[in-house]
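Please consider the following protein model.

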Amino acid sequence: MSLNFTIDYLQRHEYLTAQRDFTLDILTQLSSGLLALELVQEYVETIFAAGSLGRLEANSMSDADCIVILNQSVGASIQQQLMRDVEKCYDDVGLRRAKSTGIYSHPVQSNELLANAGRGSLNDSPAIYGKRIQTLLDARPVINEAAFQRLQMRVLDWFNPEISTAGLRYEFLLNEIRRYLAAYASWQYFKFDRDEDDGWLLRQAKLGLTRRTTVAALALVIGTINDANKDVEIGHFMPLAPLKRIVSIFELYGEFDLRAEYVECYERANQLLHDTRVRAELIVKSPAALPLRRAELPASFLQLEQDADRLRAMLILFAQRRQVDWPTAWYSGLLA
């Protein structure tokens with residue numbers, strides 16, 4: 001079953017197309033720079049982008065949210081030099097370095113992501129857990145594409161131990177991405193740090209628009225591959241960015257009006273979110289603590305919140321219409 005016709009539809013949208021072209025150009029430049037590094041050639045299995053780069057929605061303000069996968073155990077001094085070299089490449093192409101406290105600042109071996117002890121563990125480190133889940137949510141290879149594709153399939157296998165009693169394929173993965181989103185939203189809700197580039201209102205806006213869309217896209221993929229009437233495998237969707245996954249699935253079910261409304265709303269909100277004046281306002285007006293006074297929230301944030309609510313309503317409507325097609329277990333996890 002071909003899903004390639006979604007490319008033409010998304011290219012009708014000027015702002016999304018501009019973001020895509022900008023991102024692909026940056027990734028091409030970044031790939032060339034990284035492949036020229038001696039330490040990358042010797043010690044790196046693959047490097048892949050996540051976040052706005054992985055979604056093909058980057059701009060001049062984007063962070064270099066890239067995950068470095070090592071091909072062998074490497075000492076701390078080599079790791080540090082490797083990451084210094086890699087971060088210099090980020091500088092060279094105009095990307096902001098990822099925050100030193102996040103999951104993108106340190107490399108990891110693939111076997112660390114695939115350790116059986118991590119399944120269902122609440123003690124899995126955030127750095128490992130985050131890198132593993134990000135491999136499936138919005139990842140895009142920067143160098144060594146074949147190695148990345150093998151890693152992504154191995155992570156999918158890790159998430160599919162075939163233990164479902166309800167006959168739902170990838171039930172464990174579905175539960176994990178729900179857990180991820182719930183935990184992420186709770187963390188962000190009580191995170192009031194603010195600097196010149198970030199603040200509470202900006203993070204909440206991004207959560208409602210891009211983070212929820214990214215997680216919802218993978219959840220819809222799992223529902224679709226469990227539809228006995230659709231001859232499609234999860235691997236068909238993995239190379240697609242999150243928005244394209246959603247568009248592909250809407251088209252697969254003939255939901256063309258819903259597709260059009262979703263993309264138009266997403267594009268409008270995405271453009272507003274990346275307006276430099278809007279971002280500056282969201283940062284400056286971000287609160288330092290709870291409670292929030294709704295009357296003091298800027299109009300731009302209220303518009304972004306309204307768009308995020310509309311996107312979520314469309315996803316819920318689509319899922320409701322699939323109750324005849326998808327296993328009950330896909331829905332039951334929402335109430336667990």
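**A histidine and the spaces in the model**

The side chain of His274 lies 2.7 Å from the backbone oxygen of Asn270, within the limit for a polar contact (a pair of N or O atoms within 3.5 Å; within protein, one must be able to donate a hydrogen and the other to accept it, and residues adjacent in sequence count only if both atoms are side-chain atoms). The model is predicted: local features need pLDDT of at least 70 and side-chain atom pairs count only at pLDDT 80 or more, while totals for chains, interfaces and linings use all residues. Residues are numbered from 1 along each chain as its sequence is written, and side-chain values use heavy atoms, with hydrogens and water left out.

- His274 is located in the loop between helix H12 (256-273) and helix H13 (276-284); helices are DSSP runs of H or I with at least four residues, strands are runs of E with at least two, and both are numbered from the N terminus.
- Leaving aside residues up to four places away in sequence, His274 is in contact with Tyr15, Gln19, Glu57, Asn59, Met61 and Arg279 (heavy atoms within 4.5 Å).

**Largest pocket**

- The largest pocket holds about 1,400 Å³ of space; a pocket is an open set of points on a 1 Å grid, with protein on both sides within 12 Å along at least five of seven lines.
- Its lining comprises 45 residues (an atom within 4 Å of a point), and Tyr104, Tyr184, Trp187, Gln188 and Arg211 lie nearest the centre.
- Helix H9 supplies the largest share of this lining, with 6 residues.
- By class, the pocket lining has 14 nonpolar, 13 polar and 18 charged residues; Ala, Val, Leu, Ile, Met, Phe, Trp, Tyr, Cys and Pro count as nonpolar, Asp, Glu, Lys and Arg as charged, and the others, Gly among them, as polar.

**Largest cavity**

- Arg55, Gln134, Leu137, Asp138, Tyr180, Arg211 and Thr214 form its lining.
- Helix H7 (126-137) and helix H10 (200-225) are the elements that each give two or more residues to the cavity lining.

**Confidence**

- The protein chain has an average pLDDT of 92, and 96% of the residues score at least 70; pLDDT is the predictor's confidence in each residue, from 0 to 100.
- Confidence is lowest in helix H1 (residues 6-10), with a mean of 65, and highest in strand E1 (residues 44-49), at 98.

Terms used
On a 1 Å grid over the protein atoms alone, a cavity is a set of points where a 1.4 Å probe fits but cannot get out, and a pocket is an open set with protein on both sides within 12 Å along at least five of seven lines; lining residues have an atom within 4 Å of a point. Grid points are joined across faces, edges and corners, and a volume is the space filled by probe spheres set on the points.
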